[in-house]
Amino acid sequence: MRYKLFIALRHIRARKRQTILSVAAIGIAVMILMVSQSFMAGFTQELYSKTVNNLPHVVVSPQDGEDYIYLYKNIVEKINGIDGVVASSPYLIGEASFKFKDYTKNAALKGIIPSQEDAVAHTKKDIVKGNYDELTYSDRSIIIGDTFAEDMELDIGDSVEVSFPNANPVSLRVIAIYDTGTSLDESLTYTSLETAQDFYDIEDVINGISLRLADFNRDREIAQIIEESGYNAEGWTTNNPEILRTIAIETTSNNITLGFILLIASFGVVSTLNMVVMGKVKEIGILLAMGATKSNIRLIFVIESAILGLAGAVLGTALGVALALSIGGYALPDGVYGLDYIPVVVRIKDVLAIITIVFLLNLIAGIYPAQRAASLDPVEAITTR
């Protein structure tokens, strides 16, 4: 093995220009792959942060044939006892018609227990005006989205008339305005659970329970446990499949494009090794005549391919990590695409996976020139001018 490695290194050093170009081609391709993967991981994490972290991980709804969940306090207590559930929020939600001055608008009215809703959906952090906690102790109050407020020309302290067929009309005072940057800002309002129950003229019942999990990837598992108790439950992956679909499409297209880039770079190794074979025909013939087996010759060129591939992979990964980290955190003007900065995440597992894949790909790419070298006839090779 020692003399095979020695010969492989001599071949690589003898053609410095071709070696540098081959390593550079692989390195640039790997650098692009590393940067792209870091961006993809960063944007995926940011997407989860902006969506999943602010969504209920599991939503519990009434049993089949029922409109409401009765004796919900006992049910909430049981659900909180399930391993993996860190918070729950019972709610009563329905449609309502809102009127202020000459403006009218239909939207959802959601009755909540403020502290529990915030523990599940982080609603408090979205407040841009007013006091979220006031909903806990202020009777006949409401929290609205900023788009809803603009459409209705509402502000803190204004009272909006709320009505709906078969409901008890009520006047609710605006105590806070929130901004999530989503369509909820114009279609969802919050009030206390008691106020919602009085408005819809029903006693102590709810029609849903939102859950937050320690691990949001267990949403289907937890939902299944709850369904075994007779209640309907769905995880966020079922209620929001577009999130997973978006990530899957982006990841697939990204991987296909970068795969072709790596494939093209690998041809640089094949080209370099082919030139080495053409330039070393006589030397290969001498080695064969001296007793080197075809498998020995084949191994020499496979080693060369492995060295070039590994060098390019390590160099490209190092450059890619450095470039990604230098770009990461760069401020974007006016929150492009809802982002204030370019999210970048460099993961050790990605670095190791990229180096391994590129190394193996170039190892495979070196099989053809290695086989070509091993198939030379010793006599013809020695007599070749």
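Is F260 buried or exposed? F260 is exposed, because its relative accessible area is 53%, and exposed means over 50%. The model discussed here is predicted.

**Surface patch**
- F260 has its place in helix 11, which covers residues 241-279.
- Together with I256, L263 and F267, F260 forms a nonpolar patch on the surface. The accessible area of these residues together is about 430 Å².
- In sequence, F260 and A29 are 231 residues apart, yet in space their C-alpha atoms are 9.6 Å apart.

**Nonpolar core**
- In soluble globular proteins, nonpolar side chains tend to be buried together.
- The largest nonpolar core in this model has 43 residues. Those touching the most other members are V60, F98, L109, V160, V162, I209 and I226.
- Strand 2, residues 85-100, gives the most to this core, contributing five residues.
- Beyond its neighbours within four places in sequence, V160 is in contact with a set of residues that includes F98, K99 and F100. The contacts of V160 also include I142, M152 and L154, as well as V170, S171 and L172.

**Helix 9**
- Helix 9 spans residues 219-227, and its buried residues are D219, I222, A223 and I226.
- Viewed down the axis of helix 9, these buried residues fall within an arc of 100 degrees, so they line one face of the helix.
- An α-helix has 3.6 residues a turn, so residues three or four places apart point the same way.
- The cover over the buried residues of helix 9 includes strand 1 (58-61), strand 2, strand 9 (208-213) and strand 10 (232-235). Helices 3 (72-80) and 10 (236-239) are also included in that cover.
- I226 belongs to both pictures: it is a buried residue of helix 9, and it is among the core residues that touch the most other members.

**Salt bridges**
- The structure holds ten salt bridges.
- One of them joins the side chains of D155 and K129, with an N to O distance of 2.9 Å. D155 lies in the loop between helix 6 (146-152) and strand 6 (159-163), and K129 lies in strand 4 (residues 127-130), so this pair ties together parts that are 26 residues apart in sequence.
- D155 is partly exposed, with a relative accessible area of 32%, and K129 is partly exposed at 40%.
- The side chains of E134 and R173 also meet in a salt bridge, at 2.9 Å from N to O. Since E134 is in helix 5 (residues 134-137) and R173 in strand 7 (residues 170-178), the pair ties together parts that are 39 residues apart in sequence.
- E134 is buried, because its relative accessible area is 18% and buried means under 20%. R173, with a relative accessible area of 30%, is partly exposed.
- R218 forms a salt bridge with E221, and the closest N and O atoms are 2.8 Å apart. R218 counts as partly exposed at 22% relative accessibility, and E221 counts as partly exposed at 42%.

Conventions:
Residues numbered from 1 in each chain as written. Predicted model: local features only at pLDDT ≥ 70, side-chain atom pairs only at ≥ 80, totals over all residues. Heavy atoms only, no water. Core = buried A, V, L, I, M, F, W, Y, C linked by side-chain atoms within 4.5 Å. Buried < 20%, exposed > 50% of the residue type's maximum accessible area, 1.4 Å probe, protein only. Helix = DSSP H or I, 4+ residues; strand = E, 2+ residues; numbered from the N terminus. Contact = heavy atoms within 4.5 Å. Salt bridge = Lys/Arg side-chain N within 4 Å of Asp/Glu carboxyl O. Arc of directions from axis to C-beta. Patch = residues over 30% accessible without salt bridge, like charges linked within 9 Å, V, L, I, M, F, W, Y side chains within 5 Å. Areas by Shrake-Rupley, 256 points an atom, 1.4 Å probe, with all protein chains shown as cover.
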